[in-house]
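Have a look at the fold first, then read on.

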Amino acid sequence: MRAAVLRDGRMVVRDDVPEPTPGPGQVLVEVKACGICGSDLHFATHGADMLAASADLEGVPDIDIDLAGDVFMGHEFSAEILAAGPGTEAPAAGTLVTSVPVLISAGGAAPIVYSNTTLGGYAEKMLLSAPLLLPVPNGLSAEHAALTEPMAVGLHAVNASRVEPGETALVVGCGPVGIAIIAALRLRGVETIAASDFSPARRELAATMGAHVTLDPAEDSPFHQCKPAVVFEAVGAPGVIDDVLRRAPAGVRLVVAGVCMQPDTVHPFYAITKQINIQFVFGYDPAEFADSLRAIAEGDIDVAPMITGTVGLDGVGAAFGELAFPDRHCKVLVTP
């Protein structure tokens with residue numbers, strides 16, 4: 001079986017990956033589409049730093065990965081059921097499904113994110129957990145269903161913000177996470193959505209996905225151009241949070257969705273003086289995942305404009321390089 005794996009910091013294709021066998025409570029699926037996530041790009045370049053940072057966290061299980069071995073990735077997927085494990089109740093073979101990226105086994109639950117052993121969506125086949133499967137409704141395409149996971153990230157951030165329709169929301173950074181937040185804000189019925197990004201292409205996509213106003217921070221601070229009640233930070237670079245605290249209006253709610261892996265510095269004085277509420281968010285819950293699939297399938301969110309490229313397994317390595325340039329792509333799908 002073929003799979004694209006991370007080896008020595010590069011994505012390469014293996015032709016000798018053993019086909020997995022589903023155990024009780026599991027299904028074997030054929031991957032139809034899998035999105036390349038920014039976190040995958042970051043892990044490919046800074047995997048050692050990410051593992052070291054995770055090891056410092058208290059109350060969170062360590063990520064057990066050997067970077068000297070091949071690493072399987074791919075967590076934004078849709079797939080077709082091939083077979084169920086012994087005694088497993090699951091949708092019929094041939095059903096298109098998606099799932100929260102977690103594999104449950106007798107040994108516990110393993111995230112389908114980065115692993116030396118658990119296959120992800122950059123493979124021809126993989127295992128999924130039968131209790132977590134969501135059949136794809138309404139004839140939704142496999143490509144669009146694969147975007148359920150990233151859209152759930154945006155929905156979670158919006159839910160955490162408690163934004164009301166009459167409040168102005170500002171999204172700082174219009175990469176895939178920022179675009180997902182914009183779509184979720186539009187779904188929530190927020191009447192004024194402003195989006196800020198240096199990239200003209202990303203600003204254009206933000207408008208397509210629901211932003212009412214797009215702002216170029218190279219021309220002027222977005223906070224000079226709008227007065228938001230809620231700010232979503234979706235850049236994930238050092239200095240951005242502190243700049244928001246310095247420039248944002250008093251009483252604003254700041255939701256940090258961008259994942260900054262480098263050490264950063266903030267001035268608490270800015271937030272204290274303005275009584276700014278800061279909420280850090282990550283991931284989503286199963287209900288938000290299901291809500292995202294439903295919104296896409298019912299046409300409440302059109303994810304088609306986000307898909308800017310499609311590659312086979314042999315093209316994954318080149319796609320990782322292309323995605324480093326924000327004007328070229330938003331979401332590239334792998335179709336094994």
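**Cavities and a pocket**

M151, L155, A180, A184, L187, D291, S292, A295 and I301 line the largest cavity. α3 (148–161), α4 (176–188) and α9 (286–297) each give two or more residues to that lining. This is a predicted model, where local features need pLDDT of at least 70, side-chain atom pairs count only at pLDDT 80 or more, and totals for chains, interfaces and linings use all residues. Residues are numbered from 1 along each chain as its sequence is written, and side-chain values use heavy atoms, leaving out hydrogens and water.

Terms
- On a 1 Å grid over the protein atoms alone, a cavity is a set of points where a 1.4 Å probe fits but cannot get out, a pocket is an open set with protein on both sides within 12 Å along at least five of seven lines, and lining residues have an atom within 4 Å of a point.
- Grid points are joined across faces, edges and corners, and a volume is the space filled by probe spheres set on them.
- Helices (H or I, at least four residues) and strands (E, at least two) are DSSP runs numbered from the N terminus.

Cavities
- There are two cavities of 30 Å³ or more.
- The largest cavity holds about 40 Å³ of space.
- The second largest cavity holds about 30 Å³, and β16 (253–256) gives the most to its lining, with three residues.

Second largest pocket
- This pocket has about 160 Å³ of space.
- Its lining includes R10, L41 and F320.
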